[in-house]
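Here is a short report on one chain.

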Amino acid sequence: MDPAVPEQMTSERGASGAAAQQRTALLSVMAAVFLVAVKLGTGLVTGSLGLLAEAAHSGTDLVAALLTLFAVRIAVRPADQEHHYGHGKAEHLAALAESTFLIVVSLFLAFLAATRLASDTPRQVDTTWWSFLVLGVVISVDASRAVVSRRAARRYHSAALASNALHFASDLGGSLAVLVGLVFVALGEQRADAVAALFVAAIVLVAAARLAGQSIEVLMDRADADSEEAVRAALEEFGDVEVRRLRSRHAAGRDFVDLVVAVSADAGLAQAHTTADAIESAIRRQLPGSDVLVHVEPRAVDGDLRERASAAALSIPGVREVHNVRVMQIDGRPELSLHVKLPRDLALGEAHAVVEHLESALREAVPELRGVHTHIEPLSATDWATRPARGEVAEAREAIDEVVSRYTGRAPSRVSFRDADRGRVALIDVLLPADQPLPSAHQRAGAIEEAVRQRCPELADVIVHTEPATAPTGAG
């Protein structure tokens with residue numbers, strides 16, 4: 001499959017989701033305009049403070065829907081030069097502005113209701129049959145848009161749509177309260193309308209305070225406990241990784257994770273990078289769609305002398321590889337010898353300066369060393385090679401079969417040859433017992449190499465690969 005196809009499909013799904021969110025927000029705007037007009041008109045005609053309070057409540061929902069429409073258009077924009085983390089917080093900023101407006105309106109409505117309740121001559125409310133019909137329509141609209149917004153919020157993990165659904169649900173509760181109040185007014189209790197208005201104001205105040213609190217937490221980058229738990233669960237499969245710092249935040253349905261981990265100090269750069277990639281993938285499996293950044297640091301070295309020396313050598317700028325690290329005890333104190341590979345374009349003077357820096361670092365990291373001996377090597381260049389004809393290497397192949405059979409008791413699992421710029425190379429795979437200790441296996445491979453070189457002096461190099469006898473073999 002073309003690797004661009006999944007990315008294109010993801011992009012198309014993202015665009016489709018953004019369009020769906022905008023359609024939902026636009027429908028909310030249209031519904032809010034309708035409800036404001038109906039409630040306000042009915043409230044003015046009947047003199048019902050409850051309906052006027054509901055009209056104001058729907059007015060705040062109109063503002064909310066307009067803010068949501070703006071937010072989902074802004075929040076879906078990708079990251080750019082000025083907004084490296086995208087625009088997801090626009091939704092929460094809109095929700096905070098909306099909740100502030102709701103709090104102000106609810107306090108004003110509560111004041112009007114309390115004033116009417118305290119009055120000795122309550123205002124007369126005209127309850128007509130069509131006012132109940134209007135409330136029936138309003139309740140149906142409130143219920144339907146609350147359900148639609150809640151489903152869209154869950155599907156697209158949208159904070160703005162979730163806040164809209166919460167407001168629509170509170171609208172539904174307020175409308176039911178106003179209906180009950182009008183019923184009591186029709187039965188002769190005029191103060192019931194003011195009580196209903198006070199109830200609506202309380203609903204709005206509680207919902208607005210909750211929404212404001214949630215929005216402030218996101219805007220202040222409060223740590224998300226669920227995200228941190230998911231990250232730690234993902235890290236359980238990496239037993240050799242030390243977590244030094246974990247930061248997570250959540251915005252617009254997306255998690256952002258900043259992680260600092262420590263790995264073995266003698267791990268190479270490529271190995272550390274591979275570990276970081278694996279950690280990022282594991283976290284994304286736990287938190288789909290998350291933005292994960294993993295920084296890798298070396299763990300404090302507390303191992304044996306060889307491990308500490310290797311880690312110190314690899315920390316020197318310019319050192320590309322370290323191998324053949326050997327510790328020798330001389331007069332009760334250790335000496336260290338190692339091969340150091342440096343860029344092949346360095347002059348000897350430059351290379352020697354790098355190695356002197358390396359030797360100083362080794363003495364500082366391992367102060368018990370008696371001495372340090374280094375062998376400087378250039379990094380190998382690409383060696384272009386071809387396969388020789390089978391007839392050209394028949395004698396060498398026969399000699400190799402005989403040597404391997406003598407040392408292992410069986411023929412080699414594979415023998416191949418390459419004609420490189422520096423001469424012919426023999427590549428030999430041999431099978432040894434799976435439980436044989438590694439030093440013993442390495443010693444036997446070295447003996448096979450030396451014996452093949454003696455039998456076939458025309459070979460420029462002999463490379464013996466050992467594998468357990470139970471491993472699958474192949475030809476090459």
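Buried residues (under 20% relative accessible area, 1.4 Å probe, protein chains only) make up 41% of the 476 residues in the chain. This is a predicted model: local features need pLDDT of at least 70, side-chain atom pairs count only at pLDDT 80 or more, and totals for chains, interfaces and linings use all residues. Residues are numbered from 1 along each chain as its sequence is written, and side-chain values use heavy atoms, without hydrogens and water.

The chain holds 12 helices and 10 strands. These are DSSP runs: helices are H or I of at least four residues, strands E of at least two, numbered from the N terminus.

Four strands form an open, mixed sheet in the order β7-β8-β9-β10. Strands pair if DSSP finds at least two bridges between them. β7 and β10 each have a single partner strand, so one side of each lacks a neighbour in the sheet. β9 and β10 run parallel over eight bridges. L427 stands opposite I463 in β10.

| Element | Residues |
|---|---|
| Strand β9 | 423-432 |
| Strand β10 | 461-468 |
| Helix α11 | 394-408 |
| Helix α12 | 438-455 |

Helix α12 lies across β9 and β10, at about 145 degrees to β10. Axes are lines fitted to C-alpha atoms, for helices over the stretch in contact; angles run from 0 to 180 degrees between N-to-C directions.

α11 packs on α12 at about 145 degrees, with axes 10 Å apart. Their contact (heavy atoms within 4.5 Å) includes V403 and Y407 of α11 and I448 and V452 of α12.

Note on methods: Buried means under 20% relative accessible area, exposed over 50%, partly exposed in between (1.4 Å probe, protein chains only).
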